Amino acid sequence: MPIEPETQARERKDLAEALRGLRRASGLSGERLALRCNMSQTKISRIETGRALPTVLDVERILKALAVPSEVSEELLRLARRANVDYASWRAYARVGLYHKQAELRALEASSRVMRHFLPAVPTGLLHVREYAVETLSPTVASDPARDVARAVQARMDRQAVLDDTSRSFWFLMTEQAVKWQRATVEAMASQCSHMVEVNRKPNVEIGIVPQRVYVSGTPMNIFVVYDDRLVTVELFSGEVVLRDPRDITQHLSLFEHFWSHALTGDDASAFLEEAASDFMRQRN
């Protein structure tokens, strides 16, 4: 079920208060606990006052240092896992303007060094040509929220400048369906495929494509992006989930590597995209 913002805020407050209460009950000062956990006293203070959200591993270290009974630890770890999950609906983004989401992504990309995009259904916005971006950002069904498409498209196109920053690495892993699903006119689809060939030539970009003919022992269920080793975003029809639990991050990194091992890469990926572009152009004729 979707996680409501009010529930998220309450659970994070409950977690902070519980950790502060346990530390006080133990008789330890913040400084002593920090030493036992190999954390800074400032970090302990920020966690206990709710100004910083602890990871699940942070909470495990604190509970171990406080020798908290196992039944209490399990409950607080469950709370920490829930607190480390964010959910935002596309309706909420549409209310304030989808271009704000593009700005949020731009900031996230600016703060990351390695980004891995798993794209089983559609290329990501960083790879879009304008015509394709217009189609993907336009409402699909009547229940989709209204949005300022032109402004969101321009914000998406502006984001793509980050691909020229060679201090950052981008890995884009697509299925054959993501490449060939006709989400726009055949002209736009051909242009989209040709554009991805150009992007694949950038020194800091790797594109992989898993062809349908290859046997893969896994099901590509969701679009997700891993930012360094600190968080994962997962796209749903209704919105986006953000995961911060290190175990969730590790799982998604492992999934990415598994699917990547079956992908066409380098010149082979470019050749696949060039052939797809030619196929779309033949459809036009």
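Helices (H or I, at least four residues) and strands (E, at least two) are DSSP runs numbered from the N terminus. The model is a predicted one, in which local features need pLDDT of at least 70 and side-chain atom pairs count only at pLDDT 80 or more, while totals for chains, interfaces and linings use all residues. Residues are numbered from 1 along each chain as its sequence is written, and side-chain values use heavy atoms, with hydrogens and water left out.

E2 also pairs with E3, here in the parallel sense and over 6 bridges. Met115 has Phe170 in E3 as its bridge partner. E3 in turn is joined to E4 by 6 bridges, and these two strands run parallel. Leu173 stands opposite Gly208 in E4. The whole arrangement is an open sheet of 8 strands with mixed pairing, in the order E1-E7-E6-E5-E2-E3-E4-E8. Strand E1 (85–89) and strand E8 (264–265) each have a single partner strand, so one side of each is left without a neighbour in the sheet. In a regular strand the side chains alternate between the two faces of the sheet. The chain holds 13 helices along with the 8 strands.

How much of E2 is buried? Of its 6 residues, 5 are buried, where buried means under 20% relative accessible area, exposed over 50%, and partly exposed in between (1.4 Å probe, protein chains only). Over the chain of 285 residues, 46% are buried.

The next topic is the nonpolar core. This term stands for a set of buried Ala, Val, Leu, Ile, Met, Phe, Trp, Tyr and Cys residues joined through side-chain atoms within 4.5 Å. In soluble globular proteins, nonpolar side chains tend to be buried together. The largest core here has 39 residues, and Phe170, Phe172, Met174, Val179 and Ile207 touch the most other members. Elements that each supply at least two residues of this core include strand E2 (114–119), strand E3 (169–175), strand E4 (205–210), helix H11 (186–200) and helix H13 (266–284). H11 gives the most, with 8 residues. Apart from this core lies another of 21 residues, among them Ala34, Leu63, Val68 and Ala80.

Phe172 is in contact (heavy atoms within 4.5 Å) with residues that include His117, Leu119, Leu163, Ile207, Gly208 and Trp260, leaving aside neighbours within four places in sequence. For the chain, residues 24 or more positions apart account for 75% of the contacts with a separation of 6 or more.

The largest pocket holds about 1,400 Å³ of space. Of the 46 residues that line the largest pocket, Trp90, Val122, Thr136, Glu235 and Leu236 are the closest to its centre. On a 1 Å grid over the protein atoms alone, a cavity is a set of points where a 1.4 Å probe fits but cannot get out, and a pocket is an open set with protein on both sides within 12 Å along at least five of seven lines; lining residues have an atom within 4 Å of a point. Grid points are joined across faces, edges and corners, and the volume is the space filled by probe spheres set on the points. Helix H6 (90–96), helix H8 (130–137), helix H9 (149–159) and strand E6 (231–235) are among the elements that each supply at least two residues of the lining. H7 gives the most to this lining, with 5 residues.

Gln102 lies in helix H7 and is buried, with a relative accessible area of 5%. Gln102 touches Ala152, Ala155, Arg156 and Arg159, not counting residues up to four places away in sequence.

Two loop residues have positive phi values. Asn38, in the loop between helix H2 (30–37) and helix H3 (41–48), has phi near 60 degrees and is exposed at 67% relative accessibility. Ala67, in the loop between helix H4 (56–65) and helix H5 (70–83), has phi near 55 degrees and is exposed at 64% relative accessibility.

Arg282 in helix H13 is exposed at 53% relative accessibility. Arg282 and Lys64 are 218 residues apart in sequence and 64 Å apart in space, C-alpha to C-alpha. The C-alpha trace of the chain spans about 80 × 40 × 35 Å along its principal axes.

Notes
Pairing = 2+ DSSP bridges.
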